[in-house]
Amino acid sequence: MSQPSDQPGFENELDELRAKVDSLAAQLAQEYKMASLGRLLASIVHEINSPIGSILSNNQVVLRSLELVKSALGSGDAASLAKASRLVETCLSLTAVDKIACERIAEVVRGMKTFARADSSEARKVDLNEQLQDTLKLTQGEFRQRIQVETDWGEIPQVECHASMLNQVFLNILVNAGQAIEGQGKITVRTRHEGDSVHISIADTGPGIKPENRSKIFAGGFTTKAVGVGTGLGLALSKKIVEETHGGSLYFESEMGVGTTFHILVPVEQKNKAAV
Amino acid sequence: MIEKATVLIVDDEEMVITSVRAYLELETNFEVHGFTEPEQAVKYLEGNQVDICVSDYLMPRMSGIQFLTRAKHLQPEATRVLLTGHADKQSAIQAINEVSLYQYVEKPWENAQLLMIIQNGVERAQLMRELQATMSELASANSSLKDVQKKLLRAFL
């Protein structure tokens, strides 16, 4: 026992603190995930409510129309038959509407699946163009026709990564871009193969990030958004996912009055497989 | 039963307009005018009387509240209803306070409930117009009565 008697106590305390910090970080990450899920769900609910309302209403109308057609066919007089043929036309057009409505719902659900594959702990090879397309589908509810989305898909190789985590990063940056734009605007998503990385850029035509805020935006807890809109965790966590988990880089350029572009670089192959 | 009524529907989703129109045409003899662009609906309101305006909330270029505010300004007697998939308390409160909303309906809607709201809303608008017409008749009758009274007084004094 050559060590001073208080040393093990100090070590223990340090270990305890480290464990506490780790558990708080995990909690924070989980909270962020829930916050972004909440936001996602709200926009999905909105996106699905109209088609569901339509389908339910159409179903009633078609049913009622068919009953009327049936009785018209039974009676057989000219006026009833004319009415029946009009009702059949209505049913045909409502069936076409139902098809569109179902496709809309299916599209949203397909986008959600990308997120549901979530917590597989192994990195796998994915096509990031496809992932971005799915994530863009989820933002449709939030953007509507207010924001025009332009895409420029480059020829890129499959990237070894945690797709669900990167999708969270994409979604976060896209939603931020959409919130930055006041009124009408444009978001441009571009992918390129550069050296041993894939370069994704997401540009908005928003007002730009104020110079005094530029050094703070990757810090956890910083937000310029109103209470209830942003958590101030999104970009901090995004940076962690891109740089620490994937060994890539996340940075931005911003010009007041012109807009902001976020750049995400992800290595095609994970060098340190253990860290992934 | 209401004889003739005009319903205006504004929703950026064509499918909602098609469905509500098909249902109303089956169940009522109301005239239904649907617009996917709020701006066009405003133009329609400038030249045509309607009994009820049913509007979506979240639309590009103009929100449902902005549209109903303009509708209220153009035709205050027409009943205003918000049909929204964006169900949050804040938008509901804002709508009730700013545009004196008659009803707030959430998507997906229930046809029978929507029909009842539209029928009651139409009846309300028509009664309001009737009341206004009667009141202005009363006012003009009152002023002609006063004229007669004046003449009588002059004749006697």
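The exercises below concern chains A and B of a predicted model.

**Exercise 1. The open sheet of chain A**

Give the strand order of the five-stranded open sheet in chain A, and state which strands stand at its edges.

Solution. 
- Step 1. The order is β2-β4-β5-β7-β6, and the pairing is mixed.
- Step 2. β2 (147–152) and β6 (249–255) of chain A each have a single partner strand, so each has one side without a neighbour in the sheet; these are the edge strands.
- Step 3. On average, neighbouring strands of this sheet are turned by 15° against each other, direction ignored.
- Step 4. Within the sheet, β5 (residues 197–204) and β7 (residues 259–267) of chain A are antiparallel partners, joined over eight bridges. In this pair, A:His199 lies opposite A:Leu265 of β7(A).

**Exercise 2. Helices on the sheet**

Describe how α4 and α5 of chain A are placed on the strands, and then how the two helices pack on each other.

Solution. 
- Step 1. Helix α4 (residues 163–180) of chain A packs on the sheet and touches β2, β4 (185–194), β5 and β7 of chain A. The direction of α4(A) makes about 20° with that of β5(A).
- Step 2. Helix α5 (residues 234–245) of chain A lies across β6 and β7 of chain A and runs at about 130° to β6(A).
- Step 3. Two numbers describe a helix pair: the angle between the axes and the distance between them. For α4(A) and α5(A) the angle is about 145° and the axes are 10 Å apart.
- Step 4. The crossing of α4(A) and α5(A) is left-handed. Residues making the contact include A:Leu166, A:Val169 and A:Ile173 from α4(A), and A:Ser238, A:Ile241 and A:Val242 from α5(A).
- Step 5. Sorted by class, this contact of α4(A) with α5(A) has six nonpolar, six polar and no charged residues.

**Exercise 3. The surroundings of A:Thr205**

Is A:Thr205 buried, partly exposed or exposed, and which residues does A:Thr205 touch?

Solution. 
- Step 1. A:Thr205 sits in the loop between β5 and α5 of chain A.
- Step 2. There are 19 other C-beta atoms within 10 Å of A:Thr205. A residue counts as buried at 20 or more and as exposed at 12 or fewer, so A:Thr205 is partly exposed.
- Step 3. Leaving out residues up to four places away in sequence, A:Thr205 touches A:Ile181, A:Gly185, A:Lys186 and A:Gly259.
- Step 4. A:Ile187 is 18 residues from A:Thr205 in sequence, and their C-alpha atoms are 6.7 Å apart.

**Exercise 4. Strand β4 of chain B**

Solution. 
- Step 1. Chain B has five helices and five strands, in the order β-α-β-α-β-α-β-α-β-α from the N terminus.
- Step 2. Of the 157 residues in chain B, 36% are buried.
- Step 3. β3 (residues 52–55) of chain B pairs with β4(B) in the parallel sense over four bridges, and B:Val54 has B:Val81 as its bridge partner. From β3(B) the chain passes through helix α3 (residues 64–74) of chain B to β4(B) in a right-handed β-α-β crossover.
- Step 4. β4(B) also pairs in the parallel sense with β5 (residues 103–106) of chain B, over four bridges; B:Thr84 stands opposite B:Glu106 there.

Key. Residues are numbered from 1 along each chain as its sequence is written. Chains are lettered from A and ligands numbered from 1 in the order in which they are written. This is a predicted model: local features need pLDDT of at least 70, side-chain atom pairs count only at pLDDT 80 or more; totals for chains, interfaces and linings use all residues. Two strands pair if DSSP finds at least two bridges between them. Axes are lines fitted to C-alpha atoms, for helices over the stretch in contact, and angles run from 0 to 180 degrees between N-to-C directions. Two residues are in contact if their C-beta atoms, placed from the backbone, lie within 7 Å. A crossing is left-handed if the near helix is turned anticlockwise from the far one by less than a right angle, and right-handed if clockwise. Ala, Val, Leu, Ile, Met, Phe, Trp, Tyr, Cys and Pro count as nonpolar, Asp, Glu, Lys and Arg as charged, and the others, Gly among them, as polar. A crossover is right-handed if, with the strands pointing away from the viewer, the path from the first strand over the helix to the second runs clockwise.
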